[in-house]
Each structure stands twice: as structure tokens, then as C-alpha cells.
Amino acid sequence: MSVYQVGLIIQVCITVMTVVAIFAMTGLAGMFSMGQAAYMAIGAYVTFVLSKTLQIPFYLTGIFAILLSIFLAWLIAVPTLKLRRDYFAFITVGFSRMVGALILYFEDYTRGAIGFTKIPRVDGLLWLSLGSLVLFIFWIRNLKYSRFGRMAIALKNDEIAARSFGIDVYHLKIKIYVLASAIASFAGILMAMRNRVITPDSFSWKMSTEMQIFLFFGGTNSLTGAILSAAGLRMIPEFVRNVNLFGVSMQEYRMIAYALLITLVLSFRPQGLLGEKELNFRWVGKLLERIKNNTVTGKESND
Amino acid sequence: MVFQLTINGISNGAIYALVAVGFALVFNILRFSNFAYGSMSSACAFIGFFFQRAFDPPPPFIVTLLFASFSGMVIALLIDFLGYRRIRINNSPKIYYFLMSLNFSIFIEQILTIFYGTNIYSYPSIFKIQSLQVGSLYIKTMNLLILGVSVLLLVALILLINKTKIGLAIRAVAIDAETSRLMGINSNMIIITIFTIAGILSGVAGVFLGVQYGVYPGVGPSVMLKGFLASIIGGLGSLRGAIFAALALGIFEIFLTFFIGATETTVVLFGIMLAFLFIRPQGIAGKLVENKV
Amino acid sequence: MTDVILKTIGLSKAFGGVCAVQDFSVELWPGTIRGIIGPNGAGKTTIFNILSRIYDEDEGSIELDGQDVTSKSQIEVARMGLSRTFQNTRLFKGLNVLDNVKVALDHDGKYSMFSALFKLPFRNKQERLIEEKAMSCLKLLNLDEYADRAPSNLSYGYQRRVEIARGLANDPKVLMLDEPAAGLNPEETVMLMAFIKDIQEKYPDLAILVIEHRMELIMNLSDHIYVQDSGITIAEGTPAEIQNNPRVLAAYLGEED
């Protein structure tokens, strides 16, 4: 496999894992956040800047970075998750900007807009990415089919009714938000390891929006949808890399293409491409049973 | 020195007020955040700039302003028609408005970046006299114009809301959209009106932003956040509160930037926003409205 | 005589200048049904909202099972055994019928998020228990065949019944039904009344408080009725007493049935 292909797979893993985290936050619990890229930035910068400055191995600073992200996520969540959804969304935009501003402020350490370079090569990044992706998908899928997933979907639908069943809406939202931010932080570290260079621009709220677009495209209620659309939409631009339009590489049009796509989806198929469908072993089981019924008895099954 | 900073701050605040009010209108009455507002202003900054440059000799500034506000209105209505209208019809959850507005925001900014990205354009000087001197203070004529136009627009808007029939309809919808519709208020008319006003405000704000800070794709969005901040501090449901908060914010920001620098200011402002939302989410003048179950 | 399970004294609430509820007092015993009737806008749902702590009262006190709950939150009071349904059915979309019932049990599910993420044995065991309890609740009320349907695929009458079943899943002490027959045709209404009578038999200790604005429904179901008009209790008593009360009849004159 070529270096390019490996790099692409890692990038797709990073994108998918972040979107999976956003699925838990937005798809399950209905929180709309533009701050996920900020947690990626925190993960990336804290890990490698501290590692270089204090001469500590990055896997130690990495753990610290994730813990720091968890703490910050909790700090943001506690006052703001009591508020209306739009307030919360705006806070996250502000938070994103603040993180960007802080990175520039600590220029001496982070190299500001020029970018922090010379991040060490890590062997086995491919397996780390794939492995952690599988873990996170495992987690979020389990979350969806647990009592937390049910309560989250309930509160997303109707907070007041959810409370009338004793569901502690506020604390559940905090838990899920913190979880999603921790995953994003980890993804940020992976991204730093893949790109070997990080700049504040790579973690703007535009990236957060891109992730939300992927989520809504696949369908906010479908984890499978989120995974497929994140992988698909991330990979497709790669195939048109070398095509130019108006003297500008097609890549620049990526965001515009996403914008158009999502406008269509939000307007005409708001439930997303996959709607409520999930890839389930149950579903496969039912299908097999149907086939069995049809061939064995020769009659239509009563399903 | 303090007075000088204050004078600069007021015109800074005046622009914020335009942004805050335009944003607050949609936020309070249609109950969603129009994230696209910022890039609408950016677009109008560009439009104003090219309009100004298209003619030789350049047209009077007022004409540019009018053209920009007209463009702002067109853009606003387009965004509503292409984006929000379907979501309204589908009765989708509020989240969809956020994403759609973010979407448009990015769309507009991307287009501007692709075609004009790397340059920062600056408006040619509008006035022959750049600044007036009053005692030891220097007041830039542009700042006076900004203040004047903003005051005019905002006063006109407040009069519209409080003294006209359509203003009454807007206030009714702000309190209870459902009942207003049942009482015969045409919600489509209201929506078109709101977006028209927001569009005009963003157009004017865009040109002023372009003049003050230069014309580049990101000029609008950064100010939009401060406009939102002002809406919060001023209070939910109160346009007057938003205006005063925006002015205060403008002045405060100038002072802060002078004393502690621009980057630190961003952090401080964000901290203030968090603090407000924590301690008093309904802002200074606003009242929390309970949801009917 | 068992103790009263739900009691309020002098409940009042005003919105702005409008008085929605004034000096409302109710007593409810286990195993009985009481009704609140009144024309539209009489403040009945507001009473429910205050009782379930969605609204704060301006004046008055509420006691649930001997404990003062006036200062408790909506969540706390729900966990203490106060259950309610809403005027427009609020089943959760995105969850099938069985999950909707499970969700009523979930706050007490006992396993941690860590357990959930890793699908640990304790979580599996608790999930089985939740499923059994939810299923048996549905079975008890003859709704189990709809377990894996999406709520929007059920007729409105069945949606209502599922919502009521959901309210019963956690064995509440008090069940408050807000206009359960609203939007049902005559046939469905009859079935609903049979359903509620069935619930009374199967949950003998349950106290039920019903809001309705149609007289004949309440008459058939409740032992004791409170008649509200513009926030005030204009009469209370047994169905027979209420039926002949001139003030009640006057309030309903001109009301469509």
C-alpha cells in the first residue's frame, strides 16, 4: 500500500471517529456544537507542545491532553447546557474561537499561525487509527442500545416529557458531551501524528461544520449513516484532486459541494440518506429467516 | 486619552449595534440563530466596495450604502427562500435552521475566498476631511457618519416596531407565534419583513465593517459573534437592550484592546459571555418566557 | 382508612396578570379515581403542570405520600412515583413502543455509562430486567403485540394506550391523565374507558387523577369530581351531586360536547 493510501485511510478514520462522537452528541442527545474541532486542537497542541517543551514522551502528555479536554468540556457544559440550544451552539462557536486565540497567544510555544512542526513520526499509526475507530464505534453503538441512548433520544425529542419520567436531562447531556469531546481530543492527536504539522486553521469551526454536515447527510438517527457518509464524503474529493475548475483545484469546491448537498438533504430529505435504518445483525437475521421461510415452505412468510 | 478611546469605542459600538439588532431580530422573533448573518455582512462589504469602484468618479457614499443595503435585503430573502423556507414547511426541529444557516455562512465565505481570498481590499477615502479636531480629540469623520447612520436606522427601526401596525404584528409574533397566526397575522409577511430589515442592517453594517477593518471574507463573522454577545447581555427580547449592550461592548472592547491587547481581549470577552450565561441568561433587560406545555 | 396519597392545599398560579388557578385543593386516595372537569381554558392542565412541578406554584402546598414536595423538582417528583400523560400524546419518536416503555424505567437502570460502553455483564443483566419489566407491563395491558412498532404507525387510540402504559411501567403511586380521550372517536373512547377500568383492576393501589372536559366520560370513571371554571373550583362532589348542580350546568351552557 502506498504512503498516500495509508494516509488517506488514517484521515478517513479520524473523520469517521469524530463524526461518530458527534453522532452521540447531536444525533442521540440533540446537542448542536461547533466546538468539536476545538477539542481536536486542544488534544493536538497540548500533547505535542508540552511534549517538546517539557521533554516528556508524547503518550504521557497525550493522556494529559485528553484529561484536560474532559475537564474543559465539563467546565463549558455545566453552565451552558441548561440554556436553550441556540445559546449553547453559539457558546461553542465562541469557545472554538477562544481556543484559536489562545493558540496564537502562546505563540512562543505553539508557533502560532506558522504552525507547529516536526511532530515525530509514529509507527503503527494505521493500526492505532483503525483500532481506536473500531473501539469508538463499539462504544457509541453500545451507548445507543443502552438506557443512556434511550434516555438521550427521549430528551432530544421532548425534554419536558423526558423529565416527567425522572430522566436527569442535564447530567446526561453533560456526560455525553464530555464523552464526545474526549473522543474528538483523541482524534486531534491522531491528526497531529498524521500530518506532522498543526496550525490553528486546521481546527476551525469550519471543520466542525463539515462534520455536522456529514452527520446530517447520513441521518442524525442512524449511526451507520453517520459512518458511511463521513467515510464517503471524505473520500470522494480525493478522486477529483487533479481536476481544475476556473484555475482552482476542485478541492476548494469541496466545501461548496458539501454546502449544496446538505441544502438539498435538509430541504428534501431531512431525515438524512439513511433515515432510521441501522446496519444490524438483527436485520441480517430477519433477512436470512425470510429466505429460509421462502425456500423451505414455498409460502410467503408472515413477517 | 480616555475620551479619545471612548469616541472610537462609540463608533465601534455603533457597528456592533447594527449587527446585534439585525441578529437579535431573527433570534428573538423567529427563534433561531441566523449564523449566516456574519457572512452576509462580508458579502455586502464586497458588494459595496465593488460598487464604489465601478464608477468614475465614485458615487456619493450614501448611494453605496443604499445599494449595499438593498443587496443585503436580497441576499437575506434569498437565503430564507432557498434555505429556511423548506425547513419551515417540513416543520423540522430547530437544529436544522442552525445547520442550514451555518451552511450558508460557509457557502458565502467560501465563494468570497475562492474569488477574492488572499487580498484585503480597502475602501478609498470617502471624505476630503479625514478628521475633525475638537480640543485635543480627533474625531474621524467616518466615525461620525457611522454613528449618524446607525442612530438613524436604529431609531427608525424602533419607531417601526413600536408605532406601526406591522411593528405590532412583529411584537405579537415575538410573544406567541402560534396564537398570532391563529389571530390572522400573516406569518409569511412577518418573516419577509424581518429578513428584509435584517438584510438592510447587515448591508449597512457590512459596508461600515469594510471601511473600518478592510474588506475580506472573514470580516463579518467575527463581528457577528460580538453581536450575539451584545444580544445576550442586553437581554432576550429586548432590542433596546441589545443596542445599549452593543455600544457598551464597543467601548469596552476598545479600552480592553488598548490596555491588554487584541488576543487577550477575545479571551476576556468570551469569559464575560460565559459568565453572563451562567449568572443571568436572560440578560439585563430581558425576561425569560415560560414555555406553555 | 389508608392515608391520602396526594394532597394539595390552596394552589394558586397566575401568568402575568391572568390568574390561571386559584386556591385549588384536592385529595386523592390510593385505589380511587378523581376527575377534574371544566370548560376549555379553565386551568386544568395548569393544575397538572403545577402538580408535576413543570410550573412553580405562586401559593399553596403539595404533599405526595405524606411528604411535602412543593420544593421538589419535576424530576424528583417523577421519581417519587408521580406519573402523567399529556394532552397531545408525547411518545418519543425514534424509539419503538417497547423502548418508549423502557425509557420510563431507565432512570433507575442501575448500570453506569462505563458498563454501557463496554457492554459488561452487569449491564446485560440489568437490560434483561428492564426488558422483562417493560414487556410484562405491555402484556398486562394487552399491548405486547405492538412492542416493536414505531409509535407513528399506530392508530391514535393505541398511541394513547401506549402512552398510558408507559406511565404505569414504573409502578407509580399516582397517575395523572390529561384529557386521555381528546381526539378519539366514540368507538375509541369506549375502548379507552374500558382500558382505564382494566388498569384500576390490575393496579389496585394506584390513584388516578383525570382531566376531561367531556362530562359523560368523567361521570363514568370517577368517584369524586372537581369542577373548574376560570381557575376556580365552582363545585366538587360525587357525579350525582355534580350533575344536578346549577352552577355547573350554567358553566357548561353553550359548551359543545
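Biologist: What covers the buried residues of α3(C)?

Modeller: Bear in mind that this is a predicted model. The cover includes α7 (147-157) of chain A, and from chain C itself α5 (121-140) and α6 (156-168).

Biologist: And how many residues of helix α3 of chain C are buried?

Modeller: 10 of the 10, over residues 97-106, so the helix is largely enclosed by the rest of the structure.

Biologist: Which ones are the buried residues, by name?

Modeller: Val97(C), Leu98(C), Asp99(C), Asn100(C) and Val101(C), then Lys102(C), Val103(C), Ala104(C), Leu105(C) and Asp106(C).

Biologist: Let's stay with α6(C) for a bit. At what angle do the axes of α3(C) and α6(C) cross?

Modeller: Roughly 30°, and the axes come within 8 Å. Angles under 35 degrees count as roughly parallel, so α3(C) is roughly parallel to α6(C).

Biologist: Is the crossing left-handed or right-handed?

Modeller: Right-handed, as α3(C) passes α6(C).

Biologist: Which residues make that contact?

Modeller: On α3(C), Val97(C), Asn100(C), Val101(C) and Ala104(C); on α6(C), Val162(C), Ala165(C) and Arg166(C). By class, the contact has 5 nonpolar residues, 1 polar and 1 charged.

Biologist: Why would residues three or four places apart point the same way?

Modeller: An α-helix has 3.6 residues a turn, so residues with that spacing point the same way.

Biologist: OK, zooming out. How many helices and strands does chain C have?

Modeller: There are 10 helices and 10 strands in chain C.

Biologist: And what radius of gyration does chain C have?

Modeller: 19 Å. A compact globule of 257 residues would have a value near 18 Å, so chain C agrees with that. Along the principal axes, the C-alpha trace of chain C spans about 65 × 40 × 40 Å.

Biologist: How much of chain C is buried?

Modeller: Buried residues are 45% of the 257 in chain C. As for contacts in chain C with a separation of 6 or more, 67% are between residues 24 or more positions apart.

Biologist: Now the chain contacts. How many residues of chain C are in contact with chain A?

Modeller: 26 residues of chain C, against 22 residues of chain A. On the chain C side, α2 (74-79), α3, α4 (113-118) and α5 each supply at least two residues.

Biologist: Last thing. Where does His171(A) lie?

Modeller: In helix α9 of chain A, residues 169-195. His171(A) has 13 C-beta neighbours inside 10 Å, so it counts as partly exposed.

Biologist: How far apart are His171(A) and Leu81(A)?

Modeller: They are 90 residues apart in sequence, and 9.0 Å apart in space from C-alpha to C-alpha.

Key:
Residues numbered from 1 in each chain as written. Chains lettered and ligands numbered in written order. Predicted model: local features only at pLDDT ≥ 70, side-chain atom pairs only at ≥ 80, totals over all residues. Buried ≥ 20, exposed ≤ 12 C-beta atoms within 10 Å, placed from the backbone. Helix = DSSP H or I, 4+ residues; strand = E, 2+ residues; numbered from the N terminus. Contact = placed C-beta atoms within 7 Å. Axes fitted to C-alpha atoms, helices over the stretch in contact; angles between N-to-C directions. Parallel < 35°, antiparallel > 145°, perpendicular 65-115°, else oblique. Left-handed = near helix turned anticlockwise from the far one by under 90°. Nonpolar A, V, L, I, M, F, W, Y, C, P; charged D, E, K, R; others polar. Rg over C-alpha atoms; globule rule 2.2 N^0.38 Å.
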